[in-house]
Amino acid sequence: MQTHKIAVIAGDGIGPEVISVGMKVLNKVAELDKSFKFEFTEYPWGCEYYVKTGRMMAENGIEELKKSDAIFLGAVGYPGVPDHISLWDLLLTIRKSFDQYINLRPVKLLEGAPCPLKDVKKEDVDMIFVRENSEGEYAGSGSWLFKDKPNEVVIQDGVFSRKGCERVIRYAYELARKEKKTLTSISKGNALNYSMVFWDKIFAEVGEDYPDVKTYSYLVDAASMFMVKDPKRFEIVVTSNLFGDILTDLGAAIAGGMGLAAGANLNPEREFPSMFEPIHGSAPDIAGKGLADPFATVWSVSQMLDFFGHDAWAARLIEIIEEMLVEKKVLTPDLQGTATTDEVGDEVIRKLMEKSV
Ligand code: NAD
Ligand code: IPM
Ligand code: MN
């Protein structure tokens, strides 16, 4: 029997609530399939750990995580610990240490999901964002001169390497070719006269190897407008770290809300573990009340199953989410339901048992 070793970092706020559902779903899938199983190692890292130890993760944390086949993460960040510390010392350290340079985020409207846009059908919102996840505006390069003096200056660099741009753009072209979809690059070459001019140049250069892929290029301001006004323009999308971060929250808003938005941080070469997580944060405003929607986490579980080659189970989970959205019987309050996080999880499991793959 195949064993997938999963490092679990439930993290902060609603993280533990949604991860608990995710782990139950993974176990149920394995139990029903019988050809593989999951072995979980849970790490108590996050803001509470920081308050106790002064660190967001153990000193040998990265070495520990390296032993796993994948990482399953809830959310990081909580009031009381500065966000730039909690995120940089845990989530971003993992993404960077394991060269998870692809952040794959589906923006897909399922039947029954609430869409705030007028006259939009399910088929009109069906995108996959390929967000650069290792450098760009989030490279962490810069300086703070004359700190706390009247003449203080801060500099935050955007770092766009040829290797970094080429690999994410090539990944997106390959995906567009495989899926027979169009590819849209989103940048901002008119104002960012080094980084984004370079990005556009590499998008065109790599594109020479993919004459079969139909491409579009948009400036990020116009792209955000078109995502709302005419979302069907977008199929596969490739963009920088910052733009991808912002546009995928916008994407979440048009595809049913933060409770439904999933993401995979991939190291495509599989030299290091990849990480699966909902794209939402720790939602301190609803934490600990059973109000968190676990669908985004279940969708991330689906991405993990896909990554391990269990495609049929991956597809079944999306189907189950869609069935539940259509039935409207067991949904959390963000989707106008009255069910708790655990009740939604239990219904997913009931449906898994009712119809196997
Ligand atoms: P957030 O995503 O936590 O919350 C934004 C809004 O969406 C809130 O009203 C919240 O209640 C709602 N929401 C989010 N997830 C939900 C779910 N599953 N079900 C129902 N409602 C949900 O974003 P924020 O408030 O900007 O950030 C809170 C903290 O999380 C901050 O510390 C931030 O740095 C951190 N953060 C972490 C991650 C991550 O770990 N991947 C991502 C984003 C933000
Ligand atoms: C996300 C989050 C993170 C990001 C933050 C918390 C650093 O917003 O995963 O979208 O910007 O990558
Ligand atoms: Mn984000």
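What gives the most to the lining of the second largest pocket, and with how many residues?

Reply: Happy to. Helix 4 gives the most to that lining, with five residues. Helix 4 runs over residues 83-97 (helices are DSSP runs of H or I with at least four residues, strands runs of E with at least two, both numbered from the N terminus).

Before going further, a word on the ground rules. The model is predicted, so local features need pLDDT of at least 70 and side-chain atom pairs pLDDT 80 or more, while totals for chains, interfaces and linings use all residues. Residues count from 1 along each chain as its sequence is written, chains are lettered from A and ligands numbered from 1 in the order written, and side-chain values use heavy atoms, without hydrogens and water.

Now the pocket itself. The second largest pocket holds about 650 Å³ of space (on a 1 Å grid over the protein atoms alone, a pocket is an open set of points with protein on both sides within 12 Å along at least five of seven lines, and lining residues have an atom within 4 Å of a point; points join across faces, edges and corners, and the volume is that of probe spheres set on them). Its lining counts 30 residues, and D245, D249, I279, H280 and G281 are those nearest the centre. Besides helix 4, strand 3 (70-75), strand 6 (136-145), helix 8 (241-254) and strand 12 (274-278) each bring at least two residues to the lining. By class, the second largest pocket is lined by 16 nonpolar, five polar and nine charged residues (Ala, Val, Leu, Ile, Met, Phe, Trp, Tyr, Cys and Pro are nonpolar, Asp, Glu, Lys and Arg charged, the others, Gly among them, polar).

Let me start with ligand 1. It has 22 residues around it, with V76, D83, G281, A283 and D285 coming nearest (a residue is near if one of its heavy atoms lies within 4 Å). Helix 4 shows up again here, giving the most to the shell around ligand 1 with three residues. That shell is made of 12 nonpolar, five polar and five charged residues. At G281, a backbone N or O atom lies 2.7 Å from an oxygen atom of ligand 1. At S282, a polar backbone atom is 3.1 Å from an oxygen atom of ligand 1. At H280, a side-chain N or O atom is 3.3 Å from a nitrogen atom of the ligand (polar contacts are pairs of N or O atoms within 3.5 Å). On its own ligand 1 exposes 810 Å², and the protein buries 70% of that (accessible areas use the Shrake-Rupley method with a 1.4 Å probe). H280 and G281 are also among the residues nearest the centre of the second largest pocket.

Now to ligand 2. Its surroundings are L87, R95, R105, R131, Y138 and D245. Sorted by class, the shell has two nonpolar, no polar and four charged residues. The side chain of R95 places an N or O atom 2.6 Å from an oxygen atom of ligand 2. R131 has a polar side-chain atom 2.8 Å from an oxygen of ligand 2, and D245 has one at 2.9 Å from an oxygen of this ligand. The protein covers 76% of the 320 Å² of accessible area that ligand 2 has on its own. D245 is also one of the residues nearest the centre of the second largest pocket.

For context, here is the largest pocket. Its volume is about 760 Å³, and 28 residues line it, with L104, I128, E179, Q303 and D306 nearest the centre. There helix 9 gives the most, with five residues. The lining of the largest pocket divides into 16 nonpolar, three polar and nine charged residues. Among the other elements supplying at least two residues to it are strand 4 (102-108), strand 5 (126-132) and helix 5 (162-179).

To come back to your question, helix 4 is what gives the most to the lining of the second largest pocket, and helix 4 likewise gives the most to the shell around ligand 1.

Notes:
A polar contact is a pair of N or O atoms within 3.5 Å; within protein, one must be able to donate a hydrogen and the other to accept it, and residues adjacent in sequence count only if both atoms are side-chain atoms. On a 1 Å grid over the protein atoms alone, a cavity is a set of points where a 1.4 Å probe fits but cannot get out, and a pocket is an open set with protein on both sides within 12 Å along at least five of seven lines; lining residues have an atom within 4 Å of a point.
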